[in-house]
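Please read it alongside the sequence and the coordinates.

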There are 2 protein chains.
Amino acid sequence: MGGMATAERRAQPARVDATRNRERIIAAAREAFVEHGPTVPLDAIAHRAGVGNATLYRHFADRHELIHVVASYSLARLTEQAESALAEETDAFEALRRFVHRAADERVGALCSLLYEGFDKNDPHVMDARIRLEKVVTELMDNARESGQLRPDVGIGDLMVAITQLTRPVAGTACAHVERFMHRHLQLFLDGLRAPARSELCGTAVTFEDFEIK
Amino acid sequence: MGGMATAERRAQPARVDATRNRERIIAAAREAFVEHGPTVPLDAIAHRAGVGNATLYRHFADRHELIHVVASYSLARLTEQAESALAEETDAFEALRRFVHRAADERVGALCSLLYEGFDKNDPHVMDARIRLEKVVTELMDNARESGQLRPDVGIGDLMVAITQLTRPVAGTACAHVERFMHRHLQLFLDGLRAPARSELCGTAVTFEDFEIK
DNA sequence: CACGAAACGGAGAGAAGTTCTCCGTTTCGT
DNA sequence: ACGAAACGGAGAACTTCTCTCCGTTTCGTG
C-alpha cells in the first residue's frame, strides 16, 4: 500500500521466514504503537514480535519507515471501511454509524498520531489515500444530512476528532479495556449527532484542515 | 490540599520568593503536563517556570511528589466545580452540563493520567477527594435521571471516561487547539445522553471502579 | 542431503537525553 | 548591614534508546 519499504526494493523474492518476520514486526509495531504511542522503543517492538532487534533494522531502516508502513496500512483499511459502508448500507445514518464503529475497531484513535509524526505529507500515495478518505466520509455525512437524520451544524472534522479521541487508550489504564467503552461512547456521540439537534453548539463546524495543519 | 510537599513540612514560614517560586513551578508543571504528558523533563518545567532546575528540586523531592501536588490540586478543583454546579443550578440536566464543561476547562483529560502515574492510592487525602467527587457526580447524574432528562442506561464511568477522552490533547497537533473542539464535542455527547435514548447501547453501564483499578 | 546464500539473534558500543547535586552568587528579612 | 535562606547554572552520574557486529541458524536448491 504505502511506502517503498526496504524489503520491497529487493530484486529477489525474499525467503519465507523473512516475509513472515516482516509481517510479525508490522503487527507487533501496530499493537505497540496503539498501547504506548509512537515513541515506543524499537527494541520493544522487536521483542514483542519475537525476533531479534537486528531483524527489525534489517527490514526497516528506521522508526520513520516503520511508522510509515503501519500508518499507510491503517489509513487504507479505514478508507476501505468507509467505502464499503457507503456502498452496502441503504440507510444513510446507518452507513455513517457503521463506518464510525469500524473505524474504532481499526484503532484509529491510537494510530492517528502516527499520521502526523511519521508521515511524509508529500508522498503521493498518502495524499491520495487521505483525499480519498475525506471524500468518502464527506459523502457519508452529506447523505445522512440530506436524509434529515444528521444535524446540520457539524463538520467532518467534528466526527473525525471525536472518533480519534474516544478510541484512544484511556490514560493510565495500560490500554486494557478501551474496547469496553469505545463503542458505547461512540454510540452516545452518534445519538448526539442525530437531527433534530438537542442543543446549540458553540464554535463552528470543524473541517478537515482545522486539525491537519498544525 | 493534597500531599505533604517538601516545603510544607518546614517549621518556618518560608520566604516570599520561595513560595512564589513554588507556585510558579506548580503552574508550569500543570501546563507542561497538559501539553506533553507526565514524562515531560523536570528541567523543562523549571525552565518554563522561569527558575533554575535546582529550585525545582529544592521544592519537590522528585517527579512523583510534583505530580502528586498538581493532581491533588486539580482533583480538588474538579470536585468544587461539581459541588457548586449541584448547589447552584436549579435544572438537573443543566447542572450536569455545567459540571461537564467546567471539568473540560480544568483539563481533566490531560491531567487524568497523572491521577494514575503519580498517585498514592492509599493517601487518605486523595481517597477522600476521590470519594467526594464520585459522590457528588453520582448525585448530579441521579438528579438528571430522576428528572427524566438523562437516559437510564449510562453510568458515572461512561461520563468520566468520555470527559477524559474528549478533553485530551489531540494527537499530533501539539495540543494547540483542543479548546476549539472540546466543548462542541462534549455538548454533542451530552445531547446523546439525554432521554429519551435514541439508540440501544452495547455493553453495560460503566462504573467508577471499571477504570480505577487496572 | 549437502552446500552456499540469506537471514537471524544477542550483546554491547555509541549517542542522546534526564536526573540531581555542588557551590558560588543573589535575595530576603530583621 | 548582616546572617540565613534561596537561587541558578554547570556538569557528573545515570538511564535509555539506537544501531552495528559477528558467530550461528535456517532456507532453498542442485
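The points below treat the protein–protein interface and then the surroundings of the DNA strand.

This is a predicted model, in which local features need pLDDT of at least 70 and side-chain atom pairs count only at pLDDT 80 or more, while totals for chains, interfaces and linings use all residues. Residues are numbered from 1 along each chain as its sequence is written, chains are lettered from A and ligands numbered from 1 in the order in which they are written, and side-chain values use heavy atoms, with hydrogens and water left out.

**Interface of chain B and chain A**

- The contact (heavy atoms within 4.5 Å) involves 45 residues of chain B and 43 residues of chain A.
- About 4,200 Å² is buried between chain B and chain A, with 58% of it on carbon and sulfur atoms; buried area is the accessible area (1.4 Å probe) that two parts lose on being put together, summed over both.
- On the side of chain B, Arg184(B), Leu188(B) and Arg198(B) lose the most area to chain A, together 20% of what that side buries.
- The rule finds 4 salt bridges across this interface, a salt bridge being a side-chain nitrogen of Lys or Arg within 4 Å of a carboxyl oxygen of Asp or Glu.
- Asp191(A) and Arg151(B) form a salt bridge in which the closest N and O atoms are 2.7 Å apart.
- The elements giving two or more residues to the side of chain B that touches chain A are α7 (108-117), α9 (156-166), α10 (178-193) and α11 (209-212) of chain B, where helices are DSSP runs (H or I, at least four residues) numbered from the N terminus.
- The largest share of that side, 12 residues, comes from α10(B).

**Surroundings of DNA strand D**

- DNA strand D is surrounded by 23 residues, of which the closest are Asp43(A), Arg63(A), Arg15(B), Asn21(B) and Thr55(B); a residue is near a strand if one of its heavy atoms lies within 4 Å of it.
- Among the atoms of DNA strand D within 4 Å of the protein, 57% belong to sugar or phosphate and the rest to bases.
- At the backbone of Leu42(A), a polar atom is 2.9 Å from a phosphate oxygen of DNA strand D.
- α4(B) gives the most to the surface near DNA strand D, with 5 residues.

Key. A polar contact is a pair of N or O atoms within 3.5 Å; within protein, one must be able to donate a hydrogen and the other to accept it, and residues adjacent in sequence count only if both atoms are side-chain atoms.
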